[in-house]
Amino acid sequence: MRLNKKNDRASQQKNKNMKNLSMIAAVGENLELGYQNQLLCHLPIDLKHFKEITSGHTVLMGDNTWFSLPKKPLPNRRNIVITLDDVAFPDCETVHSIEDALDLVREKDEEAFVMGGATMYRLFLPYADKLYLTRIVSSFTADVFFPAIKEEEWSLVENEFVPKDEKNMYDLYFQTLIRK
Ligand SMILES: NC(=O)c1ccc[n+]([C@@H]2O[C@H](COP(=O)([O-])OP(=O)(O)OC[C@H]3O[C@@H](n4cnc5c(N)ncnc54)[C@H](OP(=O)(O)O)[C@@H]3O)[C@@H](O)[C@H]2O)c1
């Protein structure tokens, strides 16, 4: 059974720019995110980076991303999964609207991370105050993309170049952007 969307547009106005809501994603040169419900490529250095940043915190994800995880829930993190269907997934907290997810984030005064996928990045971007983007220096075949990032709305505060090596086949930048 499908649940109501709980007036997500109205809640956008109420909750905009939550100071403790961040998003974390790895994107290609054209903001590619994934293909056929898989990540673009295997980059162990980015998985390590993701783990370091999110461990001990809350992660929010859409159900497609939840299903795509090889191991779930992600350990040492509060896992919140968002679906419109009237189901509760095991080993995580399931919510049925963006508003309910934001309420859970608001309960705790600590950083929470939207970790995908494309639908969740699009829906949560208006609320997020910080973006952790891994910019992979390559383009990819993709069927999902990160939403456009308007330069006038974001300040780049970190930009670390990491060259490719024998385990990581692409150059990349670890970037942090903060809402102006
Ligand atoms: N590069 C990266 O950093 C990264 C990170 C994560 C994921 N990804 C990639 O992103 C892709 C998955 O993205 P996706 O957009 O297909 O999936 P998703 O964002 O993980 O989940 C989408 C699901 O969210 C639910 N939903 C949609 N609108 C909603 C709303 N208003 N309120 C509540 N729930 C809602 C729907 O599930 P129901 O149908 O159950 O309602 C929808 O199918 C994969 O390729 C994955 O590998 C990439």
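How many bridges join E2 to E3, and in which sense do the two strands run? There are 2 bridges between E2 and E3, and the strands run antiparallel.

## About the model

Welcome to a predicted model, in which local features need pLDDT of at least 70, side-chain atom pairs count only at pLDDT 80 or more, and totals for chains, interfaces and linings use all residues. Residue numbers start from 1 along each chain, following the sequence as written.

Helices (H or I, at least four residues) and strands (E, at least two) are DSSP runs numbered from the N terminus. Two strands pair if DSSP finds at least two bridges between them.

## The E2 hairpin

Back to the opening pair: E2 and E3 form a hairpin with 2 residues between them. In the turn, Gln36 has a positive phi of about 50 degrees. Gly34 stands opposite Leu39 in E3.

E2 has another partner to look at: with strand E9 (residues 144-145) it pairs in the antiparallel sense over 2 bridges. Here Glu32 has Phe145 of E9 as its bridge partner.

## The sheet

Now for the open sheet, which has 8 strands in the order E6-E5-E4-E7-E1-E8-E11-E10, with mixed pairing. Its edge strands, E6 (93-95) and E10 (154-162), each pair on one side only.

E1 pairs with E7 in the parallel sense over 3 bridges, with Phe113 in E7 as the bridge partner of Ser22. E1 is also joined to E8 by 6 bridges, again parallel, and Ala26 stands opposite Thr134 there. Because 7 of the 7 residues of E1 are buried, this strand is largely enclosed by the rest of the structure. Buried means that 20 or more other C-beta atoms lie within 10 Å of a residue's own, exposed means 12 or fewer, and partly exposed is in between, with C-beta atoms placed from the backbone. Both faces of E1 are covered, with Leu21, Met23, Ala25 and Val27 on one side and Ser22, Ile24 and Ala26 on the other.

## Helices on the sheet

H2 lies across E1, E4, E7, E8, E10 and E11, running at about 175 degrees to E1. Helix H4 (residues 98-107) packs on the sheet too, touching E1, E4, E5, E6 and E7, and its direction makes about 135 degrees with that of E6. Contact here means C-beta atoms, placed from the backbone, within 7 Å.

Which side of H2 is buried? In this helix (residues 44-54), Asp46, Phe50 and Thr54 are buried. They share a side of H2 because they cover an arc of only 55 degrees around the axis (taken from the directions from the helix axis to the C-beta atoms). E1, E4, E7, E8 and E11 are among the elements covering these buried residues. On the other side, Pro44, Lys48 and Glu52 are exposed. After H2 comes Gly56, with a positive phi near 85 degrees.

## Around the ligand

The ligand is surrounded by 29 residues, and the closest are Gly34, Gly62, Leu84, Gly116 and Gly117. Elements giving two or more residues to this shell include E1, E2, E3, E4, H3 and H5.

Technical notes
Near = placed C-beta within 6 Å. Contact = placed C-beta atoms within 7 Å. Axes fitted to C-alpha atoms, helices over the stretch in contact; angles between N-to-C directions.
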